Amino acid sequence: MQNKQTPTNGVIGKNIILVGNPNVGKSLFFNYLTGSYVDVANFPGTTTNVICGRCGLDAVTDTPGIYGISSFNEEEKITRDIVLHGDVLINVVDALHLERDLFLTQQLIDTGRPMLVALNMMDEAENQGIKIDIKVLKELLGVPVIATVAVEGKGLDQVLEAIKGAKPGRVLPVVEEKLAELPDTIPRAEKLLVLEGDPIVSERNGVAPGHYRALFYTERRHWINKLISMSIRETNTREVWGSRLSRWMIQPVTGIPLLIITLWLLYQLIGVFVAQTVVGFTEEFIMGEYFQPIAKALVGKFLTPGTPMSEILVGQFGVITMTVTYLIGLLLPLVLGFNLVLALLEDTGYLPRIATLLDRILTFFGLNGQAVIPLVLGFGCVTMALMSTRLLGSERERLIATIILALTVPCSAQLAIIATMLAGLGPGFAVVYGMLIFSVFIAGGTLLNRFVAGESSSLWIDLPPMRLPRMGNVLRKTWIKSKEFITEAAPLFALGALVLGLLDVSGTLDTIENVLVPLTVNWLGLPKEAASGFIMGVIRREFGTAGLFTFPMSDLQKLVALTTITLFVPCIASAMVIFKERGWKAGTTIWIGVIVVAFFVGGLINQMLNFFTSQFTSAAPLTMLAGTILIGLALLLGINSVIPGSSRSR
């Protein structure tokens, strides 16, 4: 049940802010208060979305999950500034992890803002034998405390009613004492952050940052420990199945096999069933056999087929045909599938455990364990994987993951064609091809980690309890996020189709193909017809890969062609997502950079193969190339390990 009515005796026109640690269920409270996700705003100067809505006349904001309001990361900065302008704070707390969550609660209380505490997941706490004395907790904190089970709607109506009774809580005495040291011209809540040494808030108020953070943190920890001992008792310490499974998932010996099985299932669901079967039906059958002929027939009643305007609207790159086909036939099934899987992984609590298991490996590339999801999804559909980079904790990580995906990860459709081609070449070529792509992946991640400016986030991640997913919550989250993405992507795809259509009718695409001939023939050593394959690859990667093999080539030429087209730019759908997620400036840089790297690596392989062929017998070039790859990779890794100065900060 959702109640969007404002309490008749409550506060009207207030800013209600939902605050809490990650994975505590804030979105469920937001849905209840507002009825739906009403607006998704991009916080100024950041890439983080803030969810906004209304509850009667009150504004409601759902902030990112954080552990404190400081300047440690982007999410904390955003939440800090929203909290400072809030009228009522609803602090959502996980009843299973009070010793962790109440630390943030006390910091919020110390700001002096009116607030209440929603004690969520009470059913899971009781299942594990944890008894919480709500009355004692309320008295010690000095603010209303409401017991809730948000996934079942229990206690949410009481939270709505309690908003009018929100009040400042019991500030720690040492904090109250130090606040008096600052002038009254500084807002009270900002005084706290100045004393804790927040550089941004201090600069905003024209004062030097304080040095009491360690003191306040120590006092809060002592107080929370005392509070826990007075309000909680454990009546049953038995180990439930979720705790045992949780430990298996993060220990390498058991966690890696479980992860392999999960990723295989994920690939079969998304990479095979959705990306091939479902998309094949929606894109090729529904759009190809029904929508596009109908659209062309309707436009044909007003415009002569074959004219420039007709081609722009319903041609190969038509604003109507290509945009709708890609958005509804291609992207919508992929987005729904991805968001469904992501919601399931989040709801069960497995996603943070995957990140924990693989964190150490991925730090080598400037990423953390959360990046495993985009990298695996990329082998199903790079477009979908690029969308999932939103999971990553910093702009630097999202940029690195985007470049790696755009450069080295072939989608399932392209991979199927590549596998067929390699099968005809033999195992030696398959091994060398795999070494080439893997070496570019390693080298690219290593160099990006060293030279991309900024800081990557450390994996400070919560391990929520393992639980069975609530399908109502999963489906609701899937639909809302999918609808949001498609709505945002539609204008970009229409613009991309318009640009391609104009290039096509003006003959510029043919000119580009002719310009590429010297590059493909002289540098890559391929037939001049290969230029058309790369042009096709911009539209769809598998079309470009298949197009490269419609004319005769030697086995060594095929190896060069396969390597180059794998590293070549992702399809137009992925390109539009890159532009949407990274912006036009960064997106264009990535797109051009990937093209340059693809042609450089492909040409380098061709030149090396020509050299080995001229110096050795016909059986030696592949062996020599493989050896050179291994030596180069070893040198790169060795240099990276001994030269300091990586820009990554952990």
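**Exercises on strands, cores and aromatic pairs**

Strand β5 (residues 88–94) is mostly covered, with seven of its seven residues buried; buried means under 20% relative accessible area, exposed over 50% and partly exposed in between, with a 1.4 Å probe and protein chains only. Helices (H or I, at least four residues) and strands (E, at least two) are DSSP runs, numbered from the N terminus. The model is predicted: local features need pLDDT of at least 70, side-chain atom pairs count only at pLDDT 80 or more, and totals for chains, interfaces and linings use all residues. Residues are numbered from 1 along each chain as its sequence is written, and side-chain values use heavy atoms, with hydrogens and water left out.

**Exercise 1.** Determine which way the residues of β5 point, and which strands pair with β5.

*Solution.*
- Step 1. In a regular strand the side chains alternate between the two faces of the sheet.
- Step 2. Val 88, Ile 90, Val 92 and Asp 94 point one way from β5, while Leu 89, Asn 91 and Val 93 point the other way; all are buried.
- Step 3. Two strands pair if DSSP finds at least two bridges between them. Strand β1 (residues 15–20) pairs with β5 in the parallel sense over five bridges, and Ile 16 stands opposite Val 88.
- Step 4. Strand β6 (residues 115–120) runs parallel to β5 and is joined to it by six bridges; Ala 118 in β6 is the bridge partner of Val 92.
- Step 5. Together with helix α3 (residues 98–110), β5 and β6 make a right-handed β-α-β unit. Right-handed means that, with the strands pointing away from the viewer, the path from the first strand over the helix to the second runs clockwise.

**Exercise 2.** Identify the residues that touch the most other members of the largest nonpolar core.

*Solution.*
- Step 1. A nonpolar core is a set of buried Ala, Val, Leu, Ile, Met, Phe, Trp, Tyr and Cys residues joined through side-chain atoms within 4.5 Å.
- Step 2. The largest such core has 112 residues, of which Phe 534, Leu 559 and Leu 625 touch the most other members. Helix α14 (residues 321–348) supplies the largest share of this core, 11 residues.
- Step 3. Apart from this core lies another, of 50 residues, including Val 50, Leu 89, Leu 104 and Leu 119.
- Step 4. Neighbours within four places in sequence aside, Leu 559 is in contact (heavy atoms within 4.5 Å) with Phe 429, Val 432, Tyr 433, Leu 436, Leu 609, Leu 622 and Leu 625.

**Exercise 3.** Classify the aromatic pair of Phe 103 and Tyr 217, and state which helices hold the two residues.

*Solution.*
- Step 1. Rings of Phe, Tyr and Trp (its six-membered ring) pair if their centres lie within 6.5 Å; planes under 30 degrees apart count as stacked, over 60 as edge-to-face and the rest as tilted.
- Step 2. The whole structure holds eight aromatic pairs. For Phe 103 and Tyr 217, the centres are 5.4 Å apart and the planes stand at 90°, an edge-to-face pair.
- Step 3. Phe 103 lies in helix α3 and Tyr 217 in helix α10 (residues 213–231), so the pair ties together parts that are 114 residues apart in sequence.
- Step 4. Phe 103 is buried at 15% relative accessibility, whereas Tyr 217 is partly exposed at 23% relative accessible area.
- Step 5. The rings of Tyr 212 and Phe 216 are stacked, because their centres are 5.9 Å apart and their planes lie at 20°. Both Tyr 212 and Phe 216 are buried.
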